[in-house]
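Here are my notes on the model, as promised. Have a look at the structure first, then go through the points.

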Amino acid sequence: MEAQQSKHAANTPARCASRRSIHDPANGHFRALTVYAESPDCAKAARDMVGSYLQTWGLAHAVDAVRVVVSELVGNVVHHAVPDDCLAGPGAGRRIDVCLMTWPEVLVLGVSDEDSTPPDLPPGDFVSPGLAGDFVEALLPDRGRGLLIAQRLAESVWWSPGIRGGKTVWCRFDLDQLRAEHLA
């Protein structure tokens with residue numbers, strides 16, 4: 001009876017196992033940052049973290065769009081989020097968690113806050129900007145412009161409630177589309 005060699009890397013000797021770089025996008029990536037809304041540079045810190053990691057991961061073509069979106073989402077938390085009673089501590093700062101995840105063709109950005117109130121996601125265009133002529137500004141809503149910008153730059157935008165309160169606004173970016181737009 002002849003022994004068969006396993007095809008699984010876990011069963012091969014360490015010297016023979018292929019080693020993939022942690023920077024290989026096929027492995028996916030995850031980074032997170034916590035900032036506080038009362039900090040005057042919280043949006044800058046989020047933009048810098050996103051830009052730095054995307055550059056490190058070889059995704060420079062996604063930096064501009066994702067930095068704009070994270071800035072808008074953090075700005076929404078700073079200006080609109082009121083923590084739930086169960087999450088608010090007297091004198092405590094309002095926590096904002098930013099996470100960035102990649103897979104081979106997809107990048108996901110999440111911005112979490114301590115307010116369970118659902119965001120007002122804009123429904124979309126009612127009037128074509130081409131028909132508005134010189135009055136495009138009149139078509140913009142009084143509120144929700146940051147989320148409108150996020151919807152334009154990301155492939156999709158949604159939100160989910162937190163387990164213990166609060167919520168996360170998620171944005172999904174198609175990396176192939178961003179690469180094509182960057183090269184155009």
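1. pLDDT is the predictor's confidence in each residue, on a scale from 0 to 100. For this protein the mean pLDDT is 80, with 72% of residues at 70 or more. This is a predicted model, so local features need pLDDT of at least 70 and side-chain atom pairs pLDDT 80 or more, while totals for chains, interfaces and linings use all residues. Numbering starts from 1 along each chain as its sequence is written, and side-chain values use heavy atoms, leaving out hydrogens and water.

2. Helices α2 (residues 63-80) and α4 (residues 145-153) pack at about 155°, axes 9 Å apart. That makes them roughly antiparallel (over 145 degrees). On the α2 side the contact includes Val 68 and Leu 73, and on the α4 side Ile 149 and Leu 153. The contact residues divide into eight nonpolar, two polar and one charged.

3. Salt bridges (a side-chain nitrogen of Lys or Arg within 4 Å of a carboxyl oxygen of Asp or Glu) number seven. One joins Arg 94 and Glu 38, N to O at 2.9 Å. The two are 56 residues apart, Arg 94 in the loop between α2 and β2, Glu 38 in the loop between β1 and α1.

Notes: Axes are lines fitted to C-alpha atoms, for helices over the stretch in contact, and angles run from 0 to 180 degrees between N-to-C directions. Helices (H or I, at least four residues) and strands (E, at least two) are DSSP runs, numbered from the N terminus. Angles under 35 degrees count as roughly parallel, over 145 as roughly antiparallel, 65 to 115 as roughly perpendicular and the rest as oblique. Contact means heavy atoms within 4.5 Å. Ala, Val, Leu, Ile, Met, Phe, Trp, Tyr, Cys and Pro count as nonpolar, Asp, Glu, Lys and Arg as charged, and the others, Gly among them, as polar.
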